[in-house]
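Q: I am new to this structure and would like to go through it step by step. Could we begin with a pair of facing residues?

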Amino acid sequence: MPSLLTYDDPASDVMLDAATGVRRSILPGGVRLLTQTDRSVRSASIGLWLPVGSRDERPEHAGSTHALEHLLFKGTERRTAMDIATAFDEVGGDSNAVTAKEHTLYYGRVRSSDVPRAIDVLTDMITASLLTPEALETERQVILEELAMAEDDPTDIGYETFLADVLGADTAVGRPVGGTARSVAALDIEDVRAHCREHYRPENLVVTAVGDIDHDELTELLVEGLRRGGWELETGTLPRRRPDADGDLLAGPDPTTDVAAISPHRLIRPTEQNHIFLGGPGISAVSEDRHTMSVLMSVLGGGMSSRLFQNIREQRGLAYSVYSFTAGYRDVGLFGMYAACRPGRTEQVVELLAAELARMGTYGIGEDELTRAKGQITGTFALGLEDTSSRMGRLGTIELVHGRYTSVDETLAKISRVDVAAVRELAGRLGQSFSTRVEIGPDA
């Protein structure tokens, strides 16, 4: 299987996977296009990705990535906000956007006959949005409501606090994606415009599309749409890429195996339960251990048969919701466990969470658990790729995060090679890196 083009490769067009029809081209200006043609459907999912997220903001532009995402739906030189909204609604399609820590995605799903319309609207939005002060004032209030809604959800605010405590609240990756109420209130339209000028450029744009499409026709539509919006597409420009990063497990601030010694970060909320987040630094998104981590998380807290669910909920009845989780970025990551219980049970639940991971690091897992976890992961992975939107998202992740095309079969083969020794070794390392405990609940 050929690797994804390197960023100094003179080739501009390659079939990455003949069996599944995955093709990649570098268009004028360095725009990258990845497609998978599937004639068994009569629709297409299209995504326009920018490798810029909240962690890429300059301090003086804090909150601008998320605000810009909102503003791109508020009108262009050719379309009003209502025109953008109805462009997809009137053909039965859908469109939205996502701002993350390391990328921003604008996407749409339409019938294959409506692909030209979708490309025209999406390219118009990213190239020719008006970005008016009046639109910012309106969306500022919307974003403040969005932040307030997250504050009302103990799991949302708990996770954001946990992430900031693990990765550093004063670091770019530790900041909330949507900013804070204070930073959003202070945001100026020139901050948003400067952020757009700096990052919304041809060499940053990645377009992925899956469905009943033609790669060459899509190429023409993209180039035409981007040029219509005012982008200068100079032939020969190479795409930008993020610097390579290692994926080693990072030591946390004063890591410890003694969870009782970690002072909890408590947020007082009028809830019936105490919401507990416990964990520390993990592995990055590009770590070679990422498939082992998937297996570990499945065994530890990934479903009804997982250890945490069986021990804490089924056998002891101490919680209704309990699970483990992990998140990886290009150079850092985290792992954690979550449970919600009545306040008087908190210490017992915390001890059980930590003890289960410690047991995995000391004694490992059984072959039956390994087989069950692999079945869960591969089944979920395969079923998740049944729709065009999931496959479109996978192509974007491959391009932006990994820089090398990996077929579904190759990914499944890597998961199949994970063994009990690898899971035990990684569990042992995670068990040595507890650093953070966050609780959201009523005042004691």
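Q: Which residue stands opposite asparagine 96 in β6?
A: Asparagine 96 stands opposite tyrosine 107. Strands here are DSSP runs of E with at least two residues, helices are runs of H or I with at least four residues, and both are numbered from the N terminus.

Q: Before going on, what kind of model is this?
A: This is a predicted model, in which local features need pLDDT of at least 70 and side-chain atom pairs count only at pLDDT 80 or more, while totals for chains, interfaces and linings use all residues. Residues are numbered from 1 along each chain as its sequence is written, and side-chain values use heavy atoms, with hydrogens and water left out.

Q: Back to β5 and β6, then. In which sense do they pair, and over how many bridges?
A: Strand β5 pairs with β6 (residues 104–111) in the antiparallel sense, over 6 bridges. Two strands count as paired if DSSP finds at least two bridges between them. Together β5 and β6 make a hairpin, with 4 residues between them.

Q: What is the strand order in the sheet of 7 strands?
A: The order is β1-β2-β3-β7-β4-β6-β5, in an open sheet with mixed pairing.

Q: Which strands stand at the edges?
A: The edge strands are β1 (13–17) and β5 (94–99); each has a single partner strand, so one side of each lacks a neighbour in the sheet. On average, neighbouring strands of this sheet are turned by 15° against each other, direction ignored. Such angles run from 0 to 180 degrees between N-to-C directions, with axes being lines fitted to C-alpha atoms, for helices over the stretch in contact.

Q: What packs on the sheet?
A: Helix α8 (residues 215–228) does, touching β1, β2, β3 (32–37) and β7 (206–211). The direction of α8 makes about 145° with that of β3. Contact, or touching, means heavy atoms within 4.5 Å.

Q: And how do β1 and β2 pair?
A: Strands β1 and β2 (residues 22–26) pair in the antiparallel sense over 4 bridges. Methionine 15 has arginine 23 in β2 as its bridge partner.

Q: New topic: which residues touch the most other members in the largest nonpolar core?
A: Ile46, Tyr106, Ile126, Tyr200 and Leu205 do, in a core of 46 residues. Helix α3 (residues 115–128) gives the most to this core, with 7 residues. A nonpolar core is a set of buried Ala, Val, Leu, Ile, Met, Phe, Trp, Tyr and Cys residues joined through side-chain atoms within 4.5 Å. Buried means under 20% relative accessible area, exposed over 50%, and partly exposed in between, with a 1.4 Å probe and protein chains only.

Q: What about the second core?
A: The second core is separate and has 39 residues, including Ile276, Met293, Ala319 and Leu353.

Q: Which residues of helix α10 are buried?
A: In α10 (residues 307–315), Arg307, Leu308, Phe309, Asn311 and Ile312 are buried. The buried residues of α10 pack against α9 (290–301), β10 (322–328), β11, α11 and α12 (367–384). Glycine 317 follows α10 and has a positive phi, near 65°.

Q: Last one: how many disulfides are there?
A: A search of the whole structure finds 0 disulfides, a disulfide being a pair of cysteine sulfur atoms within 2.5 Å. Cysteine 196 is buried at 14% relative accessible area, and cysteine 341 is buried at 1%.
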